[in-house]
Amino acid sequence: MFCLVDCIACAKVTPNNEPNGHLNNLYFCAALNYFKLIQRIVKTDKLYTGNGDYISNGMMAINQQNRIVEVGIAIRSVGVEEEYFEGALCPGFVNTHCHLELSHLKGKVSQKTGIHNFIVELQKIRNASEQEKQEAIKAANEEMIAAGIVAVGDISNDLSTVQTKVDSVIHYHTFVELFGFRTHLADSIIESGQQLKASFAEVGLHSSIVPHSPYSVSDKLFENIAAERGNSPLSIHNQESRAENEMYENKSGALVEMMENFGNDLSTFEATGKSSLQSYLRKISKNTPLLLVHNTFTTAQDIREAQNEHDYLYWCFCPKANLYIENQLPNVPAFVKENVKCTIGTDSLASNDSLSIWEEIQTIKRHYTEIPLEKLIQWATLNGAEFLGIEKDYGSFDVGKLGKMNWIRGNRLTSL
Ligand SMILES: [Zn+2]
């Protein structure tokens, strides 16, 4: 008697004298072993896979390691009871843009005043006691877990979020964000960024060094960031205001005024006659995944030019923050038409009343009803996971990935 799996059951059922007993035995053992792995079978009316589609009356089998072993419509396993979820299931969300360290500013910054006023106000009220900051960071992390978020791309200017990230079940990638329009400071700024990155690495956290925005970073600092080895993925705030485009098109507008009021010397800054994105994108290395965040004033022409210029672009929408700051949404259908890779972020609690990707999806859906929910869910799951380089474990209901799920009933979402 030969058997690859040591199994009492097969010894009992295999007839001793049957000529092909060995073959039957192998088959039975393999099947039994497979069934033993399955711990849960879930069923729902619509199984949103994260791949841009859904399966009606979809089912999924998950093993003891919380890995998906089967996705389909007729899954059975001896001894495992089917769990039915009325409504829909979708993969855990990936929030590609957040600022956890600004969580203590919830409800403190005036709404709908424009990005330049937002930044000025933020600088004035940003400071708070360390205890107040830490409590707000922890609460924001808990809020995201409860909202079904499993991975986050988080902007950091300091180390205040380190402990929460280390302790969290959420997968965090930190974008160490640099500012600095003054050329002579570019070397010391990149050094401080490298130190921050090293501090995140010391405790096992992933991070990369990124520019805040095109207008707040000198050419020299852009060069320093581009020279960083293994610095991936990248992120930048893009075309968040009309004034950002005005600054590049003709060196005028509210952002130019704000920069000068902050004491920056714009005498060497030259207008390009083009939009912000078309002016700065070439300063960023084109073979590194890059997240363009906000895109509130991005045109179809910008999208096409940028796609031609850069190989791995992702476009992140934070619609609730856009409404909070500029009271305007990006032209989302233009991105759908160009068939580019989009993701969804919450931005921070300084410009949002919640950290919920599901609420962001609903906000887009309310304004652009024609965009199918399965597409928005793909933005909020697989695309974000691909951008962060964690698609082996997260982002879709595919065999081998983690079985992290969210349950949608009507407009309500529950993290499972
Ligand atoms: Zn932001």
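Two strands pair if DSSP finds at least two bridges between them; strands (E, at least two residues) and helices (H or I, at least four) are DSSP runs, numbered from the N terminus. What you have here is a predicted model, where local features need pLDDT of at least 70 and side-chain atom pairs count only at pLDDT 80 or more, while totals for chains, interfaces and linings use all residues. Numbering starts from 1 along each chain as its sequence is written.

**Exercise 1.** Work out which strands pair with strand 1, and in which sense.

*Solution.* 
- Step 1: start with strand 2 (residues 54-56), which pairs with strand 1 in the antiparallel sense over three bridges. Here Tyr48 has Tyr54 as its bridge partner.
- Step 2: look into that hairpin. Five residues sit between the two strands, and Gly50 takes a positive phi near 95°.
- Step 3: go on to strand 3 (residues 59-63), antiparallel to strand 1 (residues 38-48) over five bridges. Ile41 is bridged to Ala61 in this pair.
- Step 4: finish with strand 5 (residues 82-91), which runs parallel to strand 1 and is joined to it by six bridges. Thr44 finds its bridge partner in Phe85.

**Exercise 2.** Find the strand order of the open four-strand sheet, then say which strands stand at its edges.

*Solution.* 
- Step 1: the order reads 6-7-8-9, with parallel pairing.
- Step 2: strand 6 (93-98) and strand 9 (206-211) each have a single partner strand, so they are the edges, and one side of each has no neighbour in the sheet.
- Step 3: Direction ignored, neighbouring strands are turned by 20° against each other on average (axes are lines fitted to C-alpha atoms, for helices over the stretch in contact; angles run from 0 to 180 degrees between N-to-C directions).
- Step 4: zoom in on strand 7 (residues 149-156) and strand 8 (residues 171-178), parallel over six bridges. Ile155 stands opposite Phe175 of strand 8.
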